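Subject: Structure handover

Hi,

Here is the structure I promised to pass on. My notes follow below it.

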Amino acid sequence: MDDLLVAPTRLWTPSRVLVTKSASELPHTAEILRRCEAAGVADIDILPGDRLTGLRGESERETYAQAKTTMAVVVAPPSVLKPQPIPPSADWRIDLAKGCPAHCQYCYLAGSLSGPPITRVFANLDDVLAGIGTHAGRGSITSGTEERGHEGTTFELSCYTDPLGIEHVTGSLAEAVRRVGAGAYGDDVSLRFTTKFDDVRELVTLDHGRRTRVRLSVNADDIAHRFEGGTARMPARIEALRQLALAGYRVGLTIAPIMPIPEWREQYGRLLTNVADALRDVPDLDLTAEIITHRFTPSSKDVLLSWYPGTKLEMDENARTAKRNKFGGVKYVYPKDTMAEMRSWFTDELRGVLPDAQLLYWT
């Protein structure tokens, strides 16, 4: 399976790259454009101003299709530069980009990002990463806690993008890993991100200082095959997890979104066994697990149905339990008995098959 490092199963390359005027004047943009040209992107447009226009097609489907092949290089506004708390994953959120090239029919970003779902990459990387230095030593999820204090102050990079999925045309992730690995923001900070992609060839060569945890998003075969378009297949993700662990990275599993599909125990059982087999001989393994059940909101359902009108994804409010937050928002989760059954099974199975994995949370 080492051939996977030579030939990743999927690499997303945008058909069109838009660069705003302000972004074009920043040094990191030169690296982004170098990578885009090396990847064969022919349509690169340096805009005369900072507005992105002409992003909509004649229909929602056409708009979606065009957006998913477009990358914009922009300057992150001040509102993005201030790290935000991100429980239960990490102390703080740092955004290298917003938007994702994958075609997951349950997309977590649906309804949370405004406008067509293009991928916006932030050119002012120095400003984006500066928040790591200003917030080191602060936070309540890992920083100073007994259970996860060894991680230091943690910064999540994958809230609004899959940073590995766009890395070969941005270079932002590698730069962040290098800087944190070299202690540029202090010795007691760490990065973390989740990915559904497997191109780890550059990552395994970096001096990461064991200050980055890479989690592979994994799922039952039926769910990954049906609902996770444009991503690496499960064997390739598991092999990428192995290669990262062998390169000394702290690693993890994001098992999400779990669904009680037919024969879900058998399918998830095979998944955990395959992971255990891949990691069995890895020395000094540091492995975590995060388990997230499927949920949706009324707004995300509307957006997803406009993107994927033929989806077979179950989003039946009558089969779910409504949960409301303090702001009055509602999300639909599985009924209490279903949640309890899945939680009990996953907890026991994880303990039996991957006893060295630390379960960080279930939600």
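Strands E15 and E16 form a hairpin, with 5 residues between them. Glycine 328 sits in the turn and has a positive phi of about 90°. E15 covers residues 321-324 and E16 covers residues 330-333; they pair in the antiparallel sense over 4 bridges. Arginine 324 stands opposite valine 330 in E16. Helices (H or I, at least four residues) and strands (E, at least two) are DSSP runs, numbered from the N terminus. Two strands pair if DSSP finds at least two bridges between them.

Before the rest, the ground rules. This is a predicted model: local features need pLDDT of at least 70, side-chain atom pairs count only at pLDDT 80 or more, and totals for chains, interfaces and linings use all residues. Residues are numbered from 1 along each chain as its sequence is written, and side-chain values use heavy atoms, with hydrogens and water left out.

**The sheet of 8 strands**

This sheet is open, with mixed pairing and the order E4-E5-E9-E10-E11-E13-E14-E17. Its edge strands are E4 (84-86) and E17 (358-362), each of which pairs on one side only. From one strand to the next, the twist averages 30°. Axes are lines fitted to C-alpha atoms, for helices over the stretch in contact, and angles run from 0 to 180 degrees between N-to-C directions.

E4 and E5 (residues 90-93) run antiparallel and are joined by 3 bridges. Isoleucine 86 is opposite alanine 90 in E5. The loop between E4 and E5 holds proline 88. A cis peptide bond joins proline 87 and proline 88, with omega about 0°.

H5 (residues 125-135) lies across E5, E9 (153-156) and E10 (189-195), and runs at about 160° to E9. H9 (residues 264-279) lies across E11 (212-218), E13 (250-258) and E14 (287-293), and runs at about 170° to E13.

Leaving out residues up to four places away in sequence, threonine 254 touches Thr194, Arg215, Leu216, Ser217, Val218, Glu290 and Ile292. Contact means heavy atoms within 4.5 Å. Proline 257 also has its place in E13. The peptide bond from alanine 256 to proline 257 is cis, with omega near -15°.

**Positive phi in the loops**

Most residues other than glycine have a negative phi, and most peptide bonds are trans. Glutamate 263 is not a glycine, yet has a positive phi of about 60°. It is found in the loop between E13 and H9. At 57% relative accessibility, glutamate 263 counts as exposed. Aspartate 284, not a glycine either, has a positive phi of about 55°. Its place is the loop between H9 and E14. Aspartate 284 is exposed, with a relative accessible area of 61%.

**H5 against H6**

H5 also packs with H6 (residues 172-181), at an angle of about 40° and with the axes 11 Å apart. That makes H5 oblique to H6. Angles under 35 degrees count as roughly parallel, over 145 as roughly antiparallel, 65 to 115 as roughly perpendicular and the rest as oblique. Leu125, Asp126, Leu129 and Ile132 in H5 meet Ser172, Glu175, Ala176, Arg179 and Val180 in H6.

**The sheet of 5 strands**

This sheet is open too, with mixed pairing and the order E2-E1-E3-E8-E6. E2 (43-46) and E6 (97-98) stand at the edges with a single partner strand each, so one side of each has no neighbour in the sheet. E6 pairs with E8 (residues 119-122) in the antiparallel sense over 2 bridges. Lysine 98 has arginine 120 in E8 as its bridge partner.

**Cysteines**

How many disulfides does a search of the whole structure find? It finds 0, where a disulfide is a pair of cysteine sulfur atoms within 2.5 Å. For cysteine 100, the nearest cysteine sulfur is that of cysteine 104, 6.4 Å away. Cysteine 100 counts as buried at 15% relative accessibility. Cysteine 104 counts as buried at 8%.

Best wishes

Notes:
Buried < 20%, exposed > 50% of the residue type's maximum accessible area, 1.4 Å probe, protein only.
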